[in-house]
Structures are given as C-alpha cells and as structure tokens.
Amino acid sequence: MYKVSLAALTAAAMVLVAGSPAAATTTGTRITIDRHASELYLFEPPGAEPGEAYPATGVEATARNCPAGPHLMSASLVQDGLPTLWATSGRGAGEIQCDGGTVELGMAFARRDPVLHPGKATVRFALRDWYTGEQLAERTRTVWIPC
C-alpha cells in the first residue's frame, strides 16, 4: 500500500512540475523598442503659459503576444542621467488594449531644464495587467534622438 501511494504522489508531482501542455506552448509578452526616437519638436504642455514650449521627442515600441484585455503601460526616457516628463495631456496615457496578438506602444517625452537634445537616451517600456498589477513585460534600450 505504501509503494502505491508513493508512486501516485510521485506521478502527481511530475505533472505539477511539468505543467500543462497549453502552458508549455504559451509565449510570454515581448516588447521591442525602436532604435530611433522621433526628431525633436516643440511641445506646449497643458496648463502652461501660452507660447511656452520646449523640445520633445516620441519613442515607439511593439508588444508581441500581449494577452487580451486592458493593460497599463509605463514608459520613461533618461538623457544625460536626468529623467523626462510625458509630453501628453494625460487623458488615456498609459492605457493599452490588447487583443492577444501585437499592439503598438508609444510615448512622447519632454524636459524643460535642461532641454532634450539630439543624441543618446535610455528608454524603458513596461506592461502590467490592469486588474492584478502583474508585470507582463519590460524592456530597456538606448535610442538615438536625431537632429
């Protein structure tokens, strides 16, 4: 009787460790960030003094195998060791809806002092599940801001 129970327990443990066949074939979400940011353009932030504008740039990325449903996107850009702000009005920024396949991600960034300039910057994109907060993917890359 003891040998039968031990054999059943061993078989159950092997099934749990191996996982289900469906889980074994599921590919995780992957983010690919474009190598080049957009050319610099003038951004006038909402609520700023009329005519107050400073350089901004946009960065694009692609998320593949993004599970269907709503997700939260975070994005950051650092140049010369200094962070930047999102160059957006904020409405809906960071909200992504996936259909189970590929979705385009993008964010614009600006900084007032010192201003963004052509050259290298480090960009980070991350996706989290809207309901659970579980991180689905994260990617960091050095990008080039053209003249």
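These are my notebook entries on one predicted protein model.

**Ground rules.** The model is predicted, so I kept to the limits set for it: local features need pLDDT of at least 70, side-chain atom pairs count only at pLDDT 80 or more, and totals for chains, interfaces and linings use all residues. Residues are numbered from 1 along each chain as its sequence is written, and side-chain values use heavy atoms, with hydrogens and water left out.

**Fold.** I looked up the secondary structure and found two helices and 10 strands in the protein chain. Helices (H or I, at least four residues) and strands (E, at least two) are DSSP runs, numbered from the N terminus. The order along the sequence is α-α-β-β-β-β-β-β-β-β-β-β.

**Chain totals.** I noted that 32% of the 147 residues are buried. Buried means under 20% relative accessible area, exposed over 50%, and partly exposed in between (1.4 Å probe, protein chains only). Among contacts with a separation of 6 or more, 69% join residues 24 or more positions apart; contact means heavy atoms within 4.5 Å. The chain exposes about 9,200 Å², and carbon and sulfur atoms supply 58% of that (Shrake-Rupley method, 1.4 Å probe; for residues, only the protein chains shown count as cover).

**G94.** I found G94 in the loop between strand 6 (85-86) and strand 7 (95-98). Is G94 buried or exposed? G94 counts as buried, at 9% relative accessibility. Beyond its neighbours within four places in sequence, G94 touches H71, L72, M73, W86 and M107. I also checked G106, 12 residues away along the chain, and its C-alpha atom is 9.1 Å from that of G94.

**W130.** I placed W130 in the loop between strand 9 (119-129) and strand 10 (135-145). W130 is partly exposed, with 38% relative accessible area. Together with L72 and Y131, W130 makes a nonpolar surface patch of about 350 Å².

**Salt bridges.** I searched the whole structure and got two salt bridges (a side-chain nitrogen of Lys or Arg within 4 Å of a carboxyl oxygen of Asp or Glu). In one, the side chains of E52 and R112 meet at 3.1 Å, N to O. This pair links distant parts of the chain, 60 residues apart: E52 is in the loop between strand 2 (41-43) and strand 3 (54-64), and R112 is in the loop between strand 8 (103-110) and strand 9. E52 is partly exposed at 23% relative accessible area.

The other joins E138 and R124, whose closest N and O atoms are 2.7 Å apart. E138 is in strand 10 and R124 in strand 9, 14 residues apart. I logged both as partly exposed: E138 at 45% and R124 at 24%.

Conventions: Patches are made of residues with over 30% relative accessible area and no salt bridge: like charges are joined within 9 Å, nonpolar side chains (Val, Leu, Ile, Met, Phe, Trp, Tyr) within 5 Å.
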